[in-house]
Amino acid sequence: MSSLNNRRFREQIRFLRRQFLQDGGLPFTDVLSEQSISDALTQNGVCWKDRIYTPLTTLWVFLGQILCTDQSCASAVARLIAHRVSRNQNSCSSETSAYCQARKRLPEKFFSDVARRAGRALDDAAKADWLWHGRRVYLYDGSTVTMPDTPANQSEYPQPSYQRPGLGHPMARVCVLVSLSCGAIVDMAIGAYSGKGQSELGLLRRLLDAFRPGDVMVADRLMCSWVELTALQCRGVDFVVRHASTRKLDFRRGQRLGKDDQIVSWPKRYARSKADSAYRKDLPDSLRVRVCRIRIARPGFRDKVLVVATTLFDPIEYPKEELASLYRERWNVELDIRSLKQTLQMDRLRCKTPELVRKEIWTHVLAYNLIHTIMARAADDYDVEPRTISFKTTLQTLKAFQPILANCCSSDFRQQIYDQLIESVAVHRVGDRPNRIESRKIKQPSRKHHDFLHVHRHEAKRQILKGPRK
């Protein structure tokens, strides 16, 4: 890299970091560090050339496209032109082809590496007060996203089988590993909606390397599977999952720790396929699990029973009531996925090839982690927990302040903007409303009501041209 390109690289990376409050010597300012981005570019063999759409400019425009309500490429290029004109630079073409080609040039692994590094750096910087019993807890869950109906997308991410051919959209399954302390996504797996190894259990196997000894995984009853839980325990990772209803439960057997609290042994079961048999081969013959039954009493309602399976065996350090409270925190991953899909508009993707679809997903994850970095900084400054701060309000405040940050040159004035932004973010808190039940209905229907397609679109057009039958 020449000295000119090196200078431009440092200028662009400083500009990118300032857009997400990664400037100064305060906490959480090294999540998007110069070294991490430089390493991601080097490891993926990204060449730096003196052009308008450099790798960092492309990443910045892509992030702006994700954060904006209008996520079209034309709008993203228009914002780049406005930014260049405001800084007395030569304008560029308003055509979107150069920007789309720049996104194609960047390797997919570059986007995933930057997003993972940002999430892991934020999780490592979490304060000790935010941890659970001094341990890092990760929430695991999955969801689905749709994408444009193109042959390439249909080939790699086929639409569900219950949809008629040509009438549905390609669908991908996305599973995330979220930090309970700060809400950062430390890793993610992408697969097809259906197929061998594409379930949430199958995608969990791809994410096992993201766990470190001493971590704790919290998941729903679908993850109460012998193979995956044994693989976690072999790595020194504990788990807290809801007991599966398909497994027989008998509190009269096993090592008794207290009332409705015991340690049992789950034997290895036969594999259903050769691939599964090879995966189970190196696993032990049995798994020791602590099973707790907790009765949840609510005034005016019937008692509910929660059965939790875990490898946290100490009943004094980890009482079963605390395990039930920890499992209740699992609902946070549902809210995190909602923020990712609804607030950042990732439920319906825009790219027309599978590779660009995955790049778009990872850019959403990077934007999500950077927003949570601002939330963590506000939580640290005002001595609150990060999950009590509104994600949507943080996004709205950041979008309002970004034009000022883009043209701010003075470091003192920039620090004043940072402080004002953090104060505005910390004001909007999310209340704790447990046991809230809402009907999934809307009060007023949409004014634009159209029937669904029941045939291919070209057939529907042919029927319109023929006109109604006489």
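Start by selecting Arg247 and Trp266: the charged end of Arg247 sits over the Trp266 ring, 4.0 Å from its centre.

Before you click on, some ground rules. You're looking at a predicted model, where local features need pLDDT of at least 70 and side-chain atom pairs count only at pLDDT 80 or more, while totals for chains, interfaces and linings use all residues. Residues are numbered from 1 along each chain as its sequence is written, and side-chain values use heavy atoms, with hydrogens and water left out.

**Stop two: the rings**

Now pick Arg103 and Phe62. The charged end of Arg103 sits over the ring of Phe62, 4.9 Å from its centre. Rings of Phe, Tyr and Trp (its six-membered ring) pair if their centres lie within 6.5 Å; planes under 30 degrees apart are stacked, over 60 edge-to-face, and the rest tilted.

The whole structure holds seven aromatic pairs. In one of them, the ring centres of Phe110 and Phe111 are 5.6 Å apart and the planes are at 70°, so this pair is edge-to-face. Phe110 and Phe111 are both buried (under 20% relative accessible area; exposed is over 50% and partly exposed in between, with a 1.4 Å probe and protein chains only).

Next, select Tyr368 and Phe391. This aromatic pair is tilted, with 5.4 Å centre to centre and 35° between the planes. Tyr368 lies in helix α13 (residues 354–381) and Phe391 in helix α14 (residues 391–406), so the pair ties together parts that are 23 residues apart in sequence. Helices (H or I, at least four residues) and strands (E, at least two) are DSSP runs, numbered from the N terminus. Tyr368 is buried at 0% relative accessible area, and Phe391 is buried too, at 7%.

**Stop three: the sheet**

Switch to cartoon view and look for an open sheet of nine strands, in the order β3-β2-β1-β4-β5-β9-β8-β7-β6, with mixed pairing. Two strands pair if DSSP finds at least two bridges between them. Check the edges: β3 (185–192) and β6 (255–258) each pair on one side only.

Zoom in on β1 (residues 137–146) and β4 (residues 216–219), which pair in the parallel sense over three bridges. Click Val137, and you'll find its bridge partner in β4 is Val216.

Then show helix α13 again: α13 lies across β1, β2 (171–179) and β3, running at about 160° to β3. For that angle, axes are lines fitted to C-alpha atoms, for helices over the stretch in contact, and angles run from 0 to 180 degrees between N-to-C directions.

Select Ala115 in helix α6 (residues 108–124). Is Ala115 buried or exposed? Ala115 is buried, with a relative accessible area of 1%. Not counting residues up to four places away in sequence, Ala115 touches Ile185, Trp362, Val365, Leu366 and Asn369 (contact means heavy atoms within 4.5 Å). Ala115 and Ile185 are 70 residues apart in sequence, but 8.4 Å apart in space, C-alpha to C-alpha.

Finish with Thr397, found in helix α14. Thr397 is buried at 10% relative accessible area. Leaving aside neighbours within four places in sequence, Thr397 is in contact with Leu421, Ser424 and Val425.

How values were computed
Lys NZ or Arg CZ within 6 Å of the ring centre and 35° of its normal.
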